[in-house]
Amino acid sequence: MTAMGPFGDYPHTRPRRNRQTDWSRRMVRENRLTVDDLIWPIFVQPGKSQRTAIPSLPGVDRLTIDLAVEEAQRAESLGIPVLALFPATPSELKTPDCEEAVNPENLVCEAVRAIKKLGLNLGILCDVALDPYSSHGQDGLVRDGYVVNDETVEMLCRQSLVQAQAGCDIIAPSDMMDGRIGEIRKALDHKGYQHVQIMSYAAKYASAFYGPFRDAVGSSGNLGGGDKKTYQMDPANTDEAIREVALDIQEGADMVMVKPGMPYLDIVRRVKETFHQPTYVYQVSGEYAMLHAAAGNGWLDLNKVMLESLTAFKRAGADGILTYFAPVAAEMLKSG
Ligand SMILES: NCc1[nH]cc(CCC(=O)O)c1CC(=O)O
Ligand SMILES: [Mg+2]
């Protein structure tokens with residue numbers, strides 16, 4: 001008996017005994033990554049039959065809607081449960097008041113309609129925030145240099161409604177305004193969208209790991225070196241994440257998310273253990289780019305670090321992972 005419990009001592013206790021063979025390692029494995037854990041983010045652009053590479057996100061292209069529809073079919077056939085859609089809005093449609101965000105015929109709404117028409121066994125998740133539509137690159141409306149909360153929340157409610165109308169299954173507010181989950185829930189319910197789920201980006205940090213995503217949706221230039229520190233969380237904080245998640249659950253979030261992923265596994269673990277709610281994590285663009293870049297230099301084995309990083313999210317307690325690796329990981333999991 002040790003302080004830790006009734007463990008034996010070397011030499012009769014040998015932890016390596018269980019690791020001798022593949023079958024034995026499988027037998028004692030505690031966490032498993034499956035295709036059901038994967039949420040696949042894709043970027044849509046205007047036009048037809050065209051894919052555009054995103055240099056800082058190798059292997060991820062912006063797709064026109066017809067190609068996004070093909071990827072949706074591929075997602076279903078791979079068994080991926082959810083596709084997350086992000087628009088690369090043409091810059092001439094980006095304005096300070098972000099009106100394009102609430103246009104029922106905007107890129108994301110059209111993409112949702114085109115995919116939902118197929119009747120696939122696949123959920124569609126839409127991000128809610130104003131940055132893909134703002135000429136200043138911020139997630140909310142800017143007044144006197146400050147991203148204003150309550151006025152932004154009104155826009156987010158309208159944005160959620162046009163997306164729900166288009167057929168979006170999961171509304172995912174990524175903006176970090178206060179009180180938006182409750183207001184969006186109310187707005188959805190009021191218009192008869194009680195069944196639409198909400199996945200809240202509840203603990204979202206002001207991270208430098210979002211760089212390649214901002215290239216993908218064309219917001220990095222507009223942000224012009226600015227940051228999102230007045231609404232996204234300070235990377236130094238952990239108790240604050242618990243308070244943010246508590247508020248969003250109380251306001252009606254069906255699922256919560258921690259973002260970024262790999263540098264924030266401690267937050268994933270704390271959130272899961274504190275609330276026991278469906279808990280997701282976003283392996284963000286910079287994490288993906290970092291693994292790809294190292295692999296491209298021959299410094300890491302991409303497939304191995306991909307599966308190891310995704311398994312680490314499971315071990316930390318995540319119920320699912322938004323990851324640009326989703327289709328490749330799904331193929332790998334399928335072929336064993
Ligand atoms: N609010 C928009 C949004 N939604 C998802 C991401 C980042 C995703 C990624 O880096 O992969 C961002 C960027 C940001 O907040 O600046
Ligand atoms: Mg909050």
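This is a predicted model: local features need pLDDT of at least 70, side-chain atom pairs count only at pLDDT 80 or more; totals for chains, interfaces and linings use all residues.
Colleague: Happy to start with the ligand: how many residues of the shell around ligand 1 are charged?

Modeller: A residue is near a molecule if its C-beta atom, placed from the backbone, lies within 6 Å of it. By that rule ligand 1 is surrounded by Asp127, Ala129, Asp131, Asp139, Ser174, Asp175, Tyr210, Phe213, Arg214, Lys228, Val284 and Ser285. Ala, Val, Leu, Ile, Met, Phe, Trp, Tyr, Cys and Pro count as nonpolar, Asp, Glu, Lys and Arg as charged, and the others, Gly among them, as polar. The shell divides into four nonpolar residues, two polar ones and, as charged residues, six.

Colleague: Are the residues of strand β12 buried or exposed?

Modeller: Strands here are DSSP runs of E with at least two residues, helices are runs of H or I with at least four, and both are numbered from the N terminus. A residue is buried if 20 or more other C-beta atoms lie within 10 Å of its own, exposed if 12 or fewer, and partly exposed in between, with C-beta atoms placed from the backbone. In β12 (residues 320–323), Gly320 and Leu322 point one way and Ile321 and Thr323 the other way, and all are buried.

Colleague: Which residue of β12 stands opposite Leu38?

Modeller: Two strands pair if DSSP finds at least two bridges between them. Strand β1 (residues 38–45) pairs with β12 in the parallel sense over two bridges, and β11 (residues 279–283) also runs parallel to β12, joined by four bridges. Val281 stands opposite Ile321, and the residue opposite Leu38 is likewise Ile321.

Colleague: Nice. How are helices α10 and α11 oriented to each other?

Modeller: Two packed helices are described by the angle between their axes and the distance between the axes. Axes are lines fitted to C-alpha atoms, for helices over the stretch in contact, and angles run from 0 to 180 degrees between N-to-C directions. Helix α10 (residues 285–296) and helix α11 (residues 302–316) pack at about 155 degrees, with their axes 9 Å apart. That makes the two helices roughly antiparallel (angles over 145 degrees; under 35 is roughly parallel, 65 to 115 roughly perpendicular and the rest oblique).

Colleague: And what is the handedness of the crossing of α3 and α4?

Modeller: Helix α3 (residues 107–116) and helix α4 (residues 149–166) have axes that come within 8 Å and cross at roughly 25 degrees, and they are therefore roughly parallel to each other. A crossing is left-handed if the near helix is turned anticlockwise from the far one by less than a right angle, and right-handed if clockwise. The crossing of α3 and α4 is right-handed.

Colleague: How is α4 placed relative to α5?

Modeller: The axes of α4 and α5 come within 9 Å and cross at roughly 45 degrees. That makes α4, relative to α5, oblique.

Colleague: On to the backbone: what is omega for the peptide bond between Lys259 and Pro260?

Modeller: Pro260 lies in the loop between β10 (255–259) and α9 (265–275). The bond joining Lys259 to Pro260 is cis, with omega about -10 degrees.

Colleague: Is Met176, with its positive phi, buried or exposed?

Modeller: Met176 sits in the loop between β8 (170–173) and α5 (180–190). Its phi is about 65 degrees, although Met176 is not a glycine. Because Met176 has 25 C-beta neighbours inside 10 Å, it counts as buried.

Colleague: Is Asp144 buried or exposed?

Modeller: Asp144 is found in the loop between β6 (142–143) and β7 (146–147), and its phi is near 50 degrees, a positive value in a residue other than glycine. With 5 other C-beta atoms within 10 Å, Asp144 is exposed.

Colleague: One last thing: what separates the C-alpha atoms of Gly8 and Tyr193?

Modeller: Gly8 is in the segment before α1 (22–28) and counts as exposed, with 10 C-beta neighbours inside 10 Å. Gly8 and Tyr193 are 185 residues apart along the chain, and their C-alpha atoms are separated by 57 Å.

Notes. Residues are numbered from 1 along each chain as its sequence is written. Chains are lettered from A and ligands numbered from 1 in the order in which they are written.
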